[in-house]
Amino acid sequence: MEDMKKRKMDEGSNNGSGETSTTQDYLRSLLDPLNKSQLVDLLSRLGSQYPSIAEEIKGLASADPVHRKLFVRGLAWNTTSETLCAAFQMHGEIEEGAVIYDKVTGKSRGYGFITYKHMESAQSALGAPSRLIDSRMAVCNLACEGLTGASTTPDLAQRKLYIGGLSPEISSEMLLNFFGRYGDIEEGSVAYDKDTNESRGFGFVTYKTVEASKKAIDDPHKLFGGRTIIVKLADTHRSKTVQTHLPAPMVPLQVPMGAGGYAQPGKAPAGSGTPVGYPYPQTVAPYPASSYPNPPVAPAPYPTQSQISYVQVPSKKEPLGHSPAPPVGMGGYPPYYYPKQ
C-alpha cells in the first residue's frame with residue numbers, strides 16, 4: 001500500500017512539473033509578439049499588485065551595474081572621493097565611489113564615478129543631475145552614456161553661455177547665483193587653473209531652457225564683481241578661438257622640368273605627383289663625403305728640336321743729323337698738288 005501511495009505521489013509531482021513547463025511555454029508564446037512598451041506596462045501593473053514580482057524585477061534590474069553606475073563631471077580640483085560620496089549618499093546606499101586622479105601628477109582630473117547598490121537609487125540621483133560640490137556645479141549621468149550623457153539635446157549650443165572678464169574673486173557659487181535670476185541652471189562653473197587653482201577669468205553656464213539663455217544674452221555687457229563681463233554663446237566663442245589658432249595652409253606647386261628634361265636641384269620633377277610648398281628654404285641633400293678626383297696629369301712635353309741658325313742681314317742705317325726738309329711745290333703746296341691753271 002505504501003509503495004502504491006509513493007508511486008501515485010511521484011506521478012502527481014511529475015504531472016505538476018509537466019503542467020508548469022507547459023504553462024510557461026504557453027505564456028512565452030503569448031508574450032513573444034508583444035512589443036517593449038506593452039511588456040513594460042504589463043510588468044509595472046503586476047509589480048504594483050504583487051510585491052514578490054516587484055522584488056524580482058528590482059533584483060533583475062540591479063544585477064547589471066551598468067544601470068547603477070553614474071559618471072560625475074565638473075568636479076573641483078580639491079574634491080576628494082569622500083566629498084563626492086557625501087554629496088550622493090542621500091539617494092541611497094553607495095557601493096563604490098571615487099574621484100579619478102592623474103597617475104603622473106597625482107591631481108584630480110575633474111570627474112569621478114558613483115555606483116549605487118540599487119538601481120532605484122541611481123534613478124533618484126538622475127532626477128536632479130546638477131548639484132553644488134565644493135562650490136562647483138557638478139553634473140551626473142549614467143556612466144554607459146559617457147561624456148555626452150546629460151548634454152545630448154540638440155539645443156545645447158543655444159543653452160551654453162561663455163562668461164568672460166570675471167574678477168579673480170568671483171567663485172563658481174557666486175557665478176551661479178548671479179545668472180540663476182534668468183532661469184534654472186543645468187551646470188556651470190568658473191574655469192580654474194589646474195596647477196594654481198586660481199580663476200582664469202572666465203566661466204561657462206548652461207541653462208535648462210533656451211529661453212533662459214536668451215534672457216541672459218539680451219544684455220551682453222553686465223556689471224558683476226566690479227567689472228563689466230561679456231556674455232555670449234559658448235559655441236560662438238569656441239569657433240573664433242579655433243580660427244585664430246589655425247596654421248597657414250600650404251600651397252601646392254607643380255614644379256616644371258629644367259632645361260634638357262632634368263629636374264632642378266631641390267625640386268620635384270613635373271608629373272611626379274609630389275607637391276612642393278612654402279615656406280623655404282628647402283632641404284638639400286649633402287655632398288658626398290668623398291673628395292673629388294684629382295685632375296688628369298698633363299702628357300709629357302714634346303721633344304725639343306735643335307735650333308736653326310739664320311744669316312744675319314745688316315740693317316740700313318739712317319744718316320745722322322736732321323732729316324731733310326720735304327719738297328715744296330708751287331705756291332707752297334705739296335709737290336703732288338698743283339693749282340688749277
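Me: What percentage of the 341 residues of the chain count as buried?

Reply: In this predicted model, 24% of the 341 residues of the chain count as buried.

Me: And how many helices and strands does the secondary structure come to?

Reply: The chain has 9 helices and 10 strands. Among its contacts between residues at least 6 apart in sequence, 61% join residues at least 24 apart.

Me: Let's go inside then. Which residues of helix α4 are buried?

Reply: In α4, which runs over residues 81-88, the buried residues are Ser81, Leu84, Cys85, Ala87 and Phe88. They cover an arc of only 160 degrees around the axis, so they sit on the same side of α4.

Me: Why would residues three or four places apart point the same way?

Reply: An α-helix has 3.6 residues a turn, so residues three or four places apart point the same way.

Me: OK, and what covers the buried residues of α4?

Reply: The cover includes the strands β1 (69-73), β2 (94-101), β3 (108-116), β4 (130-133) and β5, together with helix α5 (119-126).

Me: Which residues are buried in α7?

Reply: Helix α7 spans residues 172-179, and its buried residues are Ser172, Leu175, Leu176, Phe178 and Phe179. Their arc around the axis is only 160 degrees, which puts them on the same side of α7.

Me: Switching to electrostatics, how many salt bridges does a search of the whole structure find?

Reply: The search finds 5 salt bridges in the whole structure. One of the pairs is Glu95 with Arg68, where the closest N and O atoms are 3.6 Å apart. Because Glu95 lies in strand β2 and Arg68 in the loop between α3 (51-63) and β1, this pair ties together parts that are 27 residues apart in sequence.

Me: Is Arg68 buried or exposed?

Reply: Arg68 is buried, its relative accessible area being 6%.

Me: What does Arg73 pair with?

Reply: The side chain of Arg73 meets that of Glu187 in a salt bridge, with an N to O distance of 2.9 Å. This pair links distant parts of the chain, since Arg73 is in strand β1 and Glu187 is in strand β7 (residues 185-192), 114 residues apart. Arg73 counts as buried at 12% relative accessibility, and Glu187 counts as buried at 17%.

Me: Which residue forms a salt bridge with Lys117?

Reply: That residue is Glu93, and the closest N and O atoms of the pair are 3.9 Å apart. Glu93 is in the loop between α4 and β2 and Lys117 is in the loop between β3 and α5, so that the pair links distant parts of the chain, 24 residues apart. Glu93 is partly exposed, with a relative accessible area of 48%, and Lys117 counts as partly exposed at 39% relative accessibility.

Me: Which residues do salt bridges that share partners join into one network?

Reply: Asp155, Arg159 and Glu186 are joined into one network in that way.

Me: What is Arg136 in contact with, leaving aside neighbours within four places in sequence?

Reply: Arg136 is in contact with Gly74, Leu75, Ala76, Trp77, Arg131, Ser172, Ser189, Val190 and Tyr192. Ser172 is also among the buried residues of helix α7.

Me: Last topic, where is the place of Tyr101?

Reply: Tyr101 is in strand β2 and is partly exposed, with a relative accessible area of 35%. Not counting residues up to four places away in sequence, Tyr101 touches Thr79, Thr80, Ser81, Gly106, Lys107, Ser108 and Arg109. From C-alpha to C-alpha, Tyr101 and Gly112 are 8.8 Å apart in space, while they are 11 residues apart in sequence.

Me: And where does Gln123 lie?

Reply: Gln123 lies in helix α5 and is partly exposed, at a relative accessible area of 41%. The C-alpha atoms of Gln123 and His91 are separated by 8.8 Å, with the two residues 32 apart along the chain.

Key. Residues numbered from 1 in each chain as written. Predicted model: local features only at pLDDT ≥ 70, side-chain atom pairs only at ≥ 80, totals over all residues. Heavy atoms only, no water. Contact = heavy atoms within 4.5 Å. Buried < 20%, exposed > 50% of the residue type's maximum accessible area, 1.4 Å probe, protein only. Helix = DSSP H or I, 4+ residues; strand = E, 2+ residues; numbered from the N terminus. Arc of directions from axis to C-beta. Salt bridge = Lys/Arg side-chain N within 4 Å of Asp/Glu carboxyl O.
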